[in-house]
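Here is a short briefing for a first look. Start with the view below, then read on by topic.

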There are 2 protein chains.
Amino acid sequence: MLGPGPSNVPPRIQAAGGRPLIGHMHPEIFQIMDDIKLGIQYAFQTRNSLTLAISGSGHCAMEAAFFNSLEPGETVLIAVKGIWGERAADICERIGAVVHRLVKSPGESFTLEEVEQGLAKHKPVLFFITHGESSSGVAQPLDGLGNLCHRYDCLLLVDSVASLGGVPIFMDQQEIDILYSGSQKVLNAPPGTAPISFSEKAQKKIFRRKTKPPSLYVDMGWLSNYWGCDGKSRMYHHTGPITNFFSLREGLAMLAEQGLENSWKLHKENALYLYEGLEKLGLKLYVKDEAIRLPTVTTVEVPQGYEWKDITAFLMKNYSIEIAGGLGPSAGKVLRIGLMGYNSTKANVDLVLVALKDALQQCHKNKI
Amino acid sequence: MLGPGPSNVPPRIQAAGGRPLIGHMHPEIFQIMDDIKLGIQYAFQTRNSLTLAISGSGHCAMEAAFFNSLEPGETVLIAVKGIWGERAADICERIGAVVHRLVKSPGESFTLEEVEQGLAKHKPVLFFITHGESSSGVAQPLDGLGNLCHRYDCLLLVDSVASLGGVPIFMDQQEIDILYSGSQKVLNAPPGTAPISFSEKAQKKIFRRKTKPPSLYVDMGWLSNYWGCDGKSRMYHHTGPITNFFSLREGLAMLAEQGLENSWKLHKENALYLYEGLEKLGLKLYVKDEAIRLPTVTTVEVPQGYEWKDITAFLMKNYSIEIAGGLGPSAGKVLRIGLMGYNSTKANVDLVLVALKDALQQCHKNKI
């Protein structure tokens, strides 16, 4: 699976997920949850006490972030440069927030100046931006954003589902207030859990809100207790996805053993190696600015004379390789190749290049 | 694990969950999702087209049920006879519904007359009741409730998390409009997915609502498409918990192979065998009316001179058996013994009785 996720699960994580179930309130599972918390703190580079995994997909974590930090009638600013911003805006509208959008073409990123204009104009309490925009293949630069938001008395919320572990991110240093990710990308665990963390500033806002969050399932008051973040004795809230916790802990452990710096370097190197190979095949990278290319998900323009579906189907049929077409604003325009965690290897790059070369020869429309 | 859930996972389901991951948009996973749909239709005894599994725990399915079927300002009536009714009322208040409660002591069930009085008085659009109240050990009789609700132009929503597969339920015949359950009880799959189904009447209400549901993650418009229930081509919505789908399918397949009637019979027989053994030990069953005892979760009064925590800890330490204390209104008053699916065997009953006998000798307060 070399699409934008889920990525393949390495044997060690597979084995962890296959361990016999234990109870959701046993001391052993609390220890595992504590390990997960430490693993997320490392991966996020944060010391936030309110750090845990949501019992759902990355999408569920996105809702958890907004459901807890935003109240009806409050103003939120959403940076839209692909599908994730659109989804975020949809969620905020459901909350009853006043939603403003800051829009860019897919394939581009936002500058600090553009964000500052938006903050000055709309005066939001919360600003959302996607770090790894997997629909367009862009890695949004984050430096300075947190400080900027705080100067405008606004919280910074970042989606790192497709980037965590593959692109440097420093939650505390970059002053990110809310950060979430997913289990099935660089962490190589099966989908079903989603790391999330809240800064002191974010916690203050969350725990002083006037209304209850719309969801009890992802209410941070409850989850904070269930995850042992509030220092009180743990009460039953819901039954967590126990086997997914086993896998997530193993994924986080593998990332910690490898080291974040090594993981970032590896993803960068293999992405550069892929770009070089793609250009040799005469293919064009969708993101023109090299500096903002997302190393975990590479977007390639669908070459003239080809249908993207013919190419992805050819790769699946003849090479058992999954790559994907576009999503949302990039639908029909690009092919997306994912190199995440365990899948980010030179051998996989070589394989996908051989397969693509074959596809370019076999899938031309005139030929059919 | 002989508590109120999760239950132990049999080797066959364990093996299914340990299969290598596949993509969330592969034809193979769609086939698996279709199988799950058929399995749920059988377990629920329904032909509803809108039948699927939520990517979260039973708690998440409870929210999905209310989030889709209830709009702000609408009136809902909640039968409260344990923790689940309380949770349901909390969720409805967050939605902004007008919430009325019909309250009974834990250990009792509602009569049709009591429900009718509530419907006549409050004129709700939706009535919620728990089938298997795992906090008190009560199985609520369901016959006639659907018809009654429909005469009052009200939808019937039933929680069967702790009862499905262990106690007869006939969604279509009993005119239940919304029914949900969990994966980790009688179905013996790991927690993380939750079956749910909507009648034609419920679908009409859901798809004609004026406001969007508060959650995008469990929005049935989206999920209906993702699960191939709407006849249109499937679009990406979120990344489902793929390995949990493997396990859930296997759990549903095992239930279908065994046959619902056999499963109901087995749960009943083993529960009766447990009751007999408990009474021989001098213990008292918490639910006095035999007819409404829940065969999947048996509640026993904490005997005088004992602390429930001493007994559960003793069983865990000396027998590696998990049983639980009370929950919500039954906290401190009862011990809860679960016999669900694979765990519902005479051998397990014998084991827990031997362990309890030992505990009664060792854990008396005067002894310590």
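How many residues of chain A are in contact with chain B? 50 residues of chain A are in contact with 50 residues of chain B, where contact means heavy atoms within 4.5 Å. This is a predicted model: local features need pLDDT of at least 70, side-chain atom pairs count only at pLDDT 80 or more, and totals for chains, interfaces and linings use all residues. Residues are numbered from 1 along each chain as its sequence is written, chains are lettered from A in the order in which they are written, and side-chain values use heavy atoms, with hydrogens and water left out.

**Buried area**
- About 3900 Å² is buried between chain A and chain B, and carbon and sulfur atoms give 59% of it.
- Buried area is the accessible area (1.4 Å probe) that two parts lose on being put together, summed over both.
- Leu21(A), Arg94(A) and Leu216(A) supply 19% of what chain A buries against chain B, more than any other three residues.

**Salt bridges**
- Chain A and chain B share 4 salt bridges (a side-chain nitrogen of Lys or Arg within 4 Å of a carboxyl oxygen of Asp or Glu).
- In one salt bridge, Lys212(A) meets Asp90(B) at 3.5 Å, N to O.

**Annotated site**
- The unreviewed UniProt entry annotates Arg336(A) as "binding site"; such annotations may be inferred rather than shown by experiment.
- Arg336(A) lies in strand β12 (residues 334-338) of chain A; strands are DSSP runs (E, at least two residues), numbered from the N terminus.
- Arg336(A) counts as buried because its relative accessibility is 5%, and buried means under 20% relative accessible area (1.4 Å probe, protein chains only).

Conventions
Helix = DSSP H or I, 4+ residues; strand = E, 2+ residues; numbered from the N terminus. Buried < 20%, exposed > 50% of the residue type's maximum accessible area, 1.4 Å probe, protein only.
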